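The following paragraphs lead through selected side-chain and helix features of the model shown here.

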Amino acid sequence: MKKRYAVTPFGWKIKQKLVEKQLDQRTFCDTYHIPPSRLSNLIHGTRKAKKYRKLVSELLGLEE
């Protein structure tokens, strides 16, 4: 069984912005060519994914 990771504070910000924009994670990833696994890594903090962290921050207007 896979281990579940808690959502980080940055992950909650991502989720909140996606709700505000009325987008689900899959649609967001498909639209901006972001691998869904990298978005998940950012939300759960399991990997730094610096390139995508910067991109997602810019697209959603988040401060790191």
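The side chains of N41 and T46 are joined by a polar contact of 2.8 Å, the term denoting a pair of N or O atoms within 3.5 Å, where within protein one must be able to donate a hydrogen and the other to accept it, and residues adjacent in sequence count only if both atoms are side-chain atoms. The model is predicted: local features need pLDDT of at least 70, side-chain atom pairs count only at pLDDT 80 or more, and totals for chains, interfaces and linings use all residues. Residues are numbered from 1 along each chain as its sequence is written, and side-chain values use heavy atoms, with hydrogens and water left out.

N41 counts as buried because its relative accessibility is 13%; buried means under 20% relative accessible area, exposed over 50%, and partly exposed in between (1.4 Å probe, protein chains only). Leaving aside residues up to four places away in sequence, N41 touches T46 and R47, contact meaning heavy atoms within 4.5 Å.

N41 belongs to helix α3, helices being DSSP runs (H or I, at least four residues) numbered from the N terminus. In α3, which spans residues 36-44, L39, N41, L42 and I43 are buried. The cover over these buried residues includes α1 (9-20), α2 (25-32) and α4 (50-60). Just after α3, G45 adopts a positive phi of about 70 degrees.

In helix α2, F28 and Y32 lie four residues apart, about one turn of the helix. F28 counts as buried because its relative accessibility is 1%, whereas Y32, at 36%, counts as partly exposed.

Conventions
Helices (H or I, at least four residues) and strands (E, at least two) are DSSP runs, numbered from the N terminus.
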